[in-house]
Amino acid sequence: MRLPRAWWVVASAAASDWHWRDFFRDPAEEGRNWGGREWIRSPLSWARIREMRRGDIVVAYQAGEGVIGLARLASDGYPEVPGGPYDTFDLAPAPVLLLHEPIPLALIRQLPGSRSHFEFLRLHHGTVFRITPEGLEALLRLIRALNPEQAADLDAFLRGYN
């Protein structure tokens, strides 16, 4: 199966009261108009959001916890304000996958070539980062290893292009 592109999207409870679990609790409500001027301020993130396309995978990274789930883009990236930077995107309400066991950043750092596959590990400043296809495949192996009871759910998510 050829995988779609993937994006590492950071949320930090220290920066706001919002947590990725808010999205997974109510994806239909929390997935619309994601980002915006108040939250996305990095030129790197604007550039990545400009590249986002409907159907791409979003890796939900919660600072201090690790990767806690997967979602899909419901839209291409777009500017919140016409003529402004690309700072907004929409997440699809389905398919989504909230992991029973988060994937700690320390394990991702130990993957061979992790710094070249996960842009976040090199750049740190921003909200949206690229993941290479090889990085996504390695991350999916970690998800399977730490969440074996969710293998069927992961397979369904990967097949679930909306």
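Leaving aside its neighbours within four places in sequence, which residues is Phe 23 in contact with?

Mentor: A word on conventions comes first. This is a predicted model, in which local features need pLDDT of at least 70 and side-chain atom pairs count only at pLDDT 80 or more, while totals for chains, interfaces and linings use all residues. Residues are numbered from 1 along each chain as its sequence is written, and side-chain values use heavy atoms, with hydrogens and water left out.

Once neighbours within four places in sequence are set aside, Phe 23 is in contact (heavy atoms within 4.5 Å) with Trp 18, Glu 30, Gly 31, Ala 71, Leu 91, Ala 92 and Val 96. Phe 23 belongs to helix α1, residues 20–25; helices here are DSSP runs of H or I with at least four residues, strands are runs of E with at least two, and both are numbered from the N terminus. Its relative accessible area is 0%, so Phe 23 is buried; the word means under 20%, against over 50% for exposed and partly exposed in between, with a 1.4 Å probe and protein chains only. Although Ala 60 is 37 residues away along the chain, its C-alpha atom is separated from that of Phe 23 by 9.7 Å.

Next, consider the rings. Three residues from Phe 23 in helix α1, about one turn of the helix, is Trp 20, which is also buried with a relative accessible area of 0%. Rings of Phe, Tyr and Trp (its six-membered ring) pair if their centres lie within 6.5 Å; planes under 30 degrees apart are stacked, over 60 edge-to-face, and the rest tilted. By this rule there are 13 aromatic pairs. One of them joins Trp 20 and Phe 23, edge-to-face, at 5.8 Å centre to centre and 85° between the planes. Both residues belong to one aromatic cluster, together with Trp 18, Phe 24, Trp 34, Trp 39 and Phe 89. Elsewhere, Phe 120 and Phe 129 are both buried.

The wider setting includes nonpolar cores, which are sets of buried Ala, Val, Leu, Ile, Met, Phe, Trp, Tyr and Cys residues joined through side-chain atoms within 4.5 Å. The largest has 28 residues, and Trp 8, Val 67, Leu 70 and Ile 108 touch the most other members. Helix α7 (residues 133–146) supplies its largest share, six residues. Apart from this core lies another, of 18 residues, including Phe 24, Trp 34, Met 52 and Ala 71. Ala 71 is also one of the contacts of Phe 23.

Finally, there is the sheet. Two strands pair if DSSP finds at least two bridges between them. Five strands form an open, mixed sheet in the order β7-β4-β3-β1-β8. Strands β7 (97–103) and β8 (128–131) each have a single partner strand, so one side of each is left without a neighbour in the sheet. Strand β1 (residues 6–11) runs antiparallel to β8, and four bridges join the two.
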